[in-house]
Amino acid sequence: MPVPLQEGRQSPLSLQAHYSFDRFITGPENELTAAACQAAAAHPGRTYNPLFIHGAVGLGKTHLLHAIGNAAYRFAPEKRIRYVTSERFAIELISAIRGGHTESFRQAFRTADILLIDDVHFLPKKESFEEELFHTFNALYDGNRQIVLSSDRPPEELAELQDRLISRFRGGMVTDIQPPQFETRLAILTAKAREMELGLDREALSLIASRINSSVRALEGALIRISAYRELQASPVTIERVSELVIPEPVTEWPLDVERIKREVAQEYGVEVTALEGKKRDKLVTQARHIAMYLVRDMLDRSYPAIGHEFGGRDHTSVMHACRKVSDLLDTPLFRGEIDRLKRKLQQPAPRSAQRA
Ligand code: ADP
Ligand code: MG
């Protein structure tokens with residue numbers, strides 16, 4: 001069967017060259033992950049396989065995936081390196097099926113030396129995609145080829161993905177990236193401001209680092225604002241200007257996570273968060289626990305086993321039971337009102353100070 005040329009080998013030019021390890025600033029929040037990525041690039045398929053990177057948006061996952069590809073290409077230009085988002089993977093699969101060239105699709109992916117799959121949490125929900133990804137994974141893994149995956153959450157929290165995929169994802173090294181603390185933010189800003197030739201001094205950079213804390217992308221956004229200002233006004237960028245241009249990010253705990261749901265529910269029902277995770281079976285605690293599990297399922301779309309794990313290692317069947325019970329109770333207007341109110345509250349960012357000690 002004829003194999004379309006462009007399917008056979010993807011030029012590493014499709015990698016973004018500026019996403020390099022050199023440009024990736026490390027700190028305690030990401031250095032382990034960066035080191036694992038460098039090892040994977042230097043010895044593909046031989047150190048951490050698969051390498052699974054998770055972390056919130058804007059913290060450098062895509063950057064690292066490209067950096068692996070770029071570095072691996074420099075080590076060994078003959079290697080077939082493929083970067084793909086999980087959505088792109090699905091789109092290409094559909095078009096291959098429609099066009100009758102699934103074989104060449106498979107060839108293209110299953111013969112890669114290094115496959116970088118970005119944002120697996122966005123794999124469209126459909127059995128055929130998981131099936132294809134599973135077989136692609138196995139083909140590469142069995143051939144000692146490197147697989148690197150990124151996601152916004154750890155494998156066990158990838159709701160709805162087949163267990164066999166999740167267990168494959170967990171089979172190598174799972175590593176995370178945390179939001180950068182002040183010192184790392186300052187180092188990132190320093191490097192980027194220098195590259196952009198913004199001429200900002202340490203005081204100005206510290207001010208930005210103290211005001212922006214959500215992600216590296218947000219730090220870049222602040223510098224871009226300053227750069228745009230500088231181009232429009234020929235005047236120097238004073239610290240007062242920086243202060244005007246970079247307004248403090250609201251200190252919020254957002255997006256919503258399991259911890260916050262537990263905390264709000266515990267507060268609402270006057271029980272301890274630890275009781276929700278514990279074994280106590282009195283009526284109030286049990287009901288609060290059921291509601292918390294239901295909300296995690298409903299609002300965060302987590303799988304039953306993942307929820308069981310979050311609530312003291314409970315079995316997935318007891319989580320299913322809890323969720324069903326709450327669903328049934330929703331027919332009662334009073335109860336529904338209570339749940340709706342809780343949900344509205346959880347949909348609002350909460351002050352960070354409310355965190356569990
Ligand atoms: P994610 O894929 O995790 O959402 P990205 O890789 O797209 O995040 O990173 C967002 C932006 O921040 C990119 O421009 C990236 O180059 C930059 N960035 C992220 N982490 C770092 C870092 N540690 N050092 C330098 N730049 C970074
Ligand atoms: Mg990304």
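**Side-chain packing and backbone geometry in the predicted model**

The charged end of arginine 164 lies over the ring of phenylalanine 134, at 3.9 Å from the ring centre. The structure is a predicted model. An α-helix has 3.6 residues a turn, so residues three or four places apart point the same way. Phenylalanine 105 and phenylalanine 109 are both buried. Elsewhere, a single aromatic cluster is formed by Phe52, Phe137, Tyr141 and Phe169.

The largest nonpolar core comprises 30 residues, among which Ile261, Val265, Ile291 and Leu295 touch the most other members. Two or more residues each come from α12 (258–269), α13 (273–277), α14 (283–300), α16 (316–329) and α17 (333–347). The most is given by α14, with nine residues. With residues up to four places away in sequence left out, isoleucine 261 touches Leu256, Ala292, Leu295, Val296, Leu300 and Leu346. A second, separate core has 25 residues, including Phe89, Leu123, Ile147 and Phe169. In soluble globular proteins, nonpolar side chains tend to be buried together.

Helix α4 (residues 86–99) contains 14 residues, and the distance from its first C-alpha to its last is 20 Å, close to the 20 Å expected at 1.5 Å a residue. The buried residues in α4 include Ser86, Phe89, Ala90, Glu92, Leu93 and Ala96. These residues lie on the same side of α4, because they cover an arc of only 165° around the axis. Glycine 100 follows α4 and has a positive phi, near 70°.

Histidine 54 lies in strand β1 (residues 51–55) and counts as buried because its relative accessibility is 14%, under the 20% cut-off. Apart from neighbours within four places in sequence, histidine 54 is in contact with Lys61, Ser151, Asp152, Arg153, Pro154, Val174, Thr175, Asp176 and Ile177. Glutamate 29 is placed in the loop between α1 (5–8) and α2 (31–42), and at 9% relative accessibility this residue also counts as buried. Its contacts, again leaving aside neighbours within four places in sequence, are Asp176, Ile177, Gln178, Pro179, Pro180, Gln181 and Thr184. Glutamate 29 and aspartate 176 are 147 residues apart along the chain, and their C-alpha atoms are separated by 8.3 Å.

Most residues other than glycine have a negative phi, and most peptide bonds are trans. The peptide bond from asparagine 49 to proline 50 is cis, with omega near -5°; proline 50 is in the loop between α2 and β1. Glutamate 197, which is not a glycine, has a positive phi of about 50°. This residue is found in the loop between α8 (182–195) and α9 (202–211) and, at 62% relative accessibility, counts as exposed. Aspartate 301 likewise has a positive phi, near 60°, and is located in the loop between α14 and α15 (304–310). With a relative accessible area of 31%, aspartate 301 is partly exposed.

Notes:
Residues are numbered from 1 along each chain as its sequence is written. Chains are lettered from A and ligands numbered from 1 in the order in which they are written. This is a predicted model: local features need pLDDT of at least 70, side-chain atom pairs count only at pLDDT 80 or more; totals for chains, interfaces and linings use all residues. Side-chain values use heavy atoms; hydrogens and water are left out. A nonpolar core is a set of buried Ala, Val, Leu, Ile, Met, Phe, Trp, Tyr and Cys residues joined through side-chain atoms within 4.5 Å. Buried means under 20% relative accessible area, exposed over 50%, partly exposed in between (1.4 Å probe, protein chains only). Helices (H or I, at least four residues) and strands (E, at least two) are DSSP runs, numbered from the N terminus. Contact means heavy atoms within 4.5 Å. The expected span of a helix is 1.5 Å times one less than its number of residues. The arc is that of the directions from the helix axis to the C-beta atoms. Rings of Phe, Tyr and Trp (its six-membered ring) pair if their centres lie within 6.5 Å; planes under 30 degrees apart count as stacked, over 60 as edge-to-face and the rest as tilted. A charge sits over a ring if NZ of Lys or CZ of Arg is within 6 Å of the ring centre and within 35 degrees of the ring normal.
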